[in-house]
Amino acid sequence: MLNDKLKDYNIILASASPRRHAFLKSMNIDFEVRLHPVEEVYPNTLKGTEITDYLAKLKAEAFKRQLKEKDILITSDTIVWLDNKAVEKPKDKDDAFRMIKSLSNKTHEVMTSICFTQLTQQKVVNTITKVTFKALTDDEIWYYVNTYEPLDKAGAYGIQEWIGAIGITNIEGSYNNVVGLPTHLLYETLNTIANT
């Protein structure tokens, strides 16, 4: 399937996320990981997927000089969007509590952009998933914050963890997107690149 079509390409994933690594492995895509620290700062005029598009492209910039002819660099960015603003990763446990509390009994959006960079072209795709939480008690939020690791996650939660199991009442769109990568978009876009 896709891996056969990509056999002449070198797929580079620029992400330290174990969730993204696991997704590519589960899709039977051969890839290597390359990391380059990037300060994730964006113009405050940007809204929604404009932010994730911008940051996914920004993450690719650092690698551009290193790319060879058959390389496909994959960079991505995810944000949680609530009340017309981005909910970033929490600074500490108190911040994580506050963030999850703000998501309680509301619907928020999870936005992800994936940027595919080659020597001569670049393509960015994005998707949005709507997620609804029940009214969470303070005890439930503190249990999650103290038991799991919310600090490396946009919006301070992982849908695949305890909080997702007990707290999410509705989801519209890609579940995998909320975990960390809209795999259907990744597959579709790599297929298109391989067929051109």
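Mentor: Buried means under 20% relative accessible area, exposed over 50% and partly exposed in between, for a 1.4 Å probe on protein chains only. The model is predicted, with local features needing pLDDT of at least 70 and side-chain atom pairs pLDDT 80 or more, whereas totals for chains, interfaces and linings use all residues. Residues are numbered from 1 along each chain as its sequence is written, and side-chain values use heavy atoms, leaving out hydrogens and water.

Trainee: How many aromatic pairs are there, and is the pair of Phe 133 and Tyr 157 stacked or edge-to-face?

Mentor: The count comes to four aromatic pairs (Phe, Tyr or six-membered Trp rings with centres within 6.5 Å; planes under 30 degrees apart stacked, over 60 edge-to-face, the rest tilted). For Phe 133 and Tyr 157 the centres lie 5.1 Å apart and the planes meet at 80 degrees, so this pair is edge-to-face.

Trainee: Which residue lies over the face of Tyr 9?

Mentor: A charge sits over a ring if NZ of Lys or CZ of Arg is within 6 Å of the ring centre and within 35 degrees of the ring normal. At 4.8 Å from the ring centre of Tyr 9, the residue over the face is Lys 70.

Trainee: Is Asn 191 buried or exposed, and with which residues is Asn 191 in contact, leaving aside neighbours within four places in sequence?

Mentor: Asn 191 is found in helix H8, and its relative accessible area of 12% makes it buried. The C-alpha atom of Asn 191 is 8.4 Å from that of Leu 6, although the two are 185 residues apart along the chain. Beyond its neighbours within four places, Asn 191 has contacts (heavy atoms within 4.5 Å) with Leu 2 and Lys 5.

Trainee: What covers the buried residues of H2?

Mentor: The buried residues in H2 are Arg 19, Arg 20, His 21, Phe 23 and Leu 24. After H2 comes Asn 28, with a positive phi near 60 degrees. The cover of those buried residues includes strand S1 (10-13), strand S2 (32-33), S3, H7 and helix H8 (183-194).

Trainee: Which element gives the largest share of the lining of the largest pocket?

Mentor: Helix H2 (18-26), helix H3 (49-61), strand S3 (71-82) and helix H7 (175-179) each supply at least two residues of that lining. Pockets are open sets of points on a 1 Å grid over the protein atoms alone, with protein on both sides within 12 Å along at least five of seven lines and lining residues having an atom within 4 Å of a point. The lining has 35 residues, with Arg 20, Glu 40, Lys 59, Lys 89 and Asp 152 nearest the centre of the pocket. The largest share, five residues, comes from S3.

How values were computed: 1 Å grid on protein atoms, 1.4 Å probe; cavity = no way out; pocket = protein on both sides within 12 Å on 5 of 7 lines; lining within 4 Å. Helix = DSSP H or I, 4+ residues; strand = E, 2+ residues; numbered from the N terminus.
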